[in-house]
Amino acid sequence: MLLDTHIHLWPTSACTSSSHTWMTPQAPPIPHPLATRHGISDYNAAVTSSSPAAQPSAFIYVETDRALPTPSPPIDSSAAAFSIRRALEKWSAEPLDELRFLRRIVEGTPVGEGDGFAAGEGDKLVGIVAWAPLHLAPRVFDLYVLLAREVAGPETWSRVVGFRYLLQGIRDERAFSRFVWEESWLSNLVGLGKAGTGPRNSGWTFDVGVDMRSGGVWQLEKAAEMVERVRRIEAADVGNGGRGSVRFVLNHLCKPDLTLTDPASDPDAQRWCTAISRLARQQDTYMKLSGAFSEFGTITPSPVEAIAERLRWWVRHVFGVFGPERIMFGSDWPVCNVNGPKRGENESKGGKNEPKGGDSWGVWKEVVEKLMEDLEVGEEGRERVWWGTGCEVYGVETS
């Protein structure tokens, strides 16, 4: 079995900078490379083309950082609930549209080819990591969750397994610290883990997105302190009876600097190791083996053996402190396509008619296989990485 714990999707209608600020053309008039439809049909075609012998049984959808008009809404947390709701509907229009798109997938009701899926293709979408404004006052955050639940509908909401609010874009160290150590943020994180919420009433997950290479290793260090503070609050919560712990899922190896050819001698790489070890010491904290192609700079090595060689130092440390029982596979499709390698000409499966994604999905799976072989991960450990950890953490089933 294979569970892909990290993919993104969007319809044609969301391929603009007004829906995704990060889709702003990097060199106008050349469009952003991801500013085209990426639906389930495209994902299935890319996977089939690049890895015909190993199809994922299911996947987890992760929110796509939809655009907001302002970092926070103009809301008085003591205002009437209907006033807060009205303000949230306007401020979070794009994230709510994302939920409507997911609802169409789950309910099998595409509005046209622009949605990129056919009825029934949503069956493999077993979990959703939705966007949520955890930085808002708890009362406002709770009202947002109620609004999101209503927009999603019961069937789609039943597949929401956790939330994400990307932190990697906060590039000022002091601002980052204020943000993740603020009382509302910490309180909302603690609330995600309490029994009676989330799938199977076992709490929600929170996916952590920080960036060592582009943002600075300090982002990872601050995130480690954030998790430690949450754990201290949970431990002191007498009313919680010691039960309930939010499950933290670290995305993309925390984006290490894979441009380094000798990380063992680099001070920031050593700091990355120390922070990763801090996080691994915390209960209910997990790592996604994903997103590496984006961190090689302008040129990703090739072939598979060369990619694995550049990753080995970093991944060896992750397996050493987390163990395979707390590591999960994720493709980061379609972002993996932007800087992903291509197979050699003689190995190409798609040619001119190659579907979106090229070979990146299959190459990444081969890289993970190679790394686990090199690190002598046993059969049970490999099963954990391919599907067991993801199913356990997100509370989903696959077959």
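A pocket is an open set of grid points with protein on both sides within 12 Å along at least five of seven lines. This model is predicted, and its largest pocket has a volume of about 1,200 Å³.

**Pockets**

Start with the largest pocket. Its lining counts 38 residues. Trp22, Asp65, Leu166, Gln168 and Gly169 lie nearest the centre.

Now the second largest pocket. Its volume is about 290 Å³. It has 18 lining residues, and Val145, Phe163, Thr197, Gly198 and Trp204 are the closest to its centre. Helix 4 (138-157), strand 4 (160-164) and helix 6 each give two or more residues to this lining. Helix 4 gives the most, with 6 residues.

**Trp185**

Helix 6 covers residues 183-192 and includes Trp185. Is Trp185 buried or exposed? Trp185 is buried, because its relative accessible area is 0%, and buried means under 20%.

Which residues does Trp185 touch, not counting those up to four places away in sequence? The contacts are Leu134, His135, Tyr165, Leu167, Phe179, Val180, Phe206 and Met226. Ala137 is 48 residues from Trp185 along the chain, yet their C-alpha atoms are separated by 7.8 Å.

**An annotated span**

An unreviewed UniProt entry places the feature "domain: Amidohydrolase-related" at residues 246-339. In the model, this span is 35% helix and 13% strand. The C-alpha atoms at its ends lie 33 Å apart.

Terms used:
Residues numbered from 1 in each chain as written. Predicted model: local features only at pLDDT ≥ 70, side-chain atom pairs only at ≥ 80, totals over all residues. Heavy atoms only, no water. UniProt positions renumbered as here; feature names shortened; annotations may be inferred. Helix = DSSP H or I, 4+ residues; strand = E, 2+ residues; numbered from the N terminus. Buried < 20%, exposed > 50% of the residue type's maximum accessible area, 1.4 Å probe, protein only. Contact = heavy atoms within 4.5 Å. 1 Å grid on protein atoms, 1.4 Å probe; cavity = no way out; pocket = protein on both sides within 12 Å on 5 of 7 lines; lining within 4 Å. Points joined across faces, edges and corners; volume = space filled by probe spheres on them.
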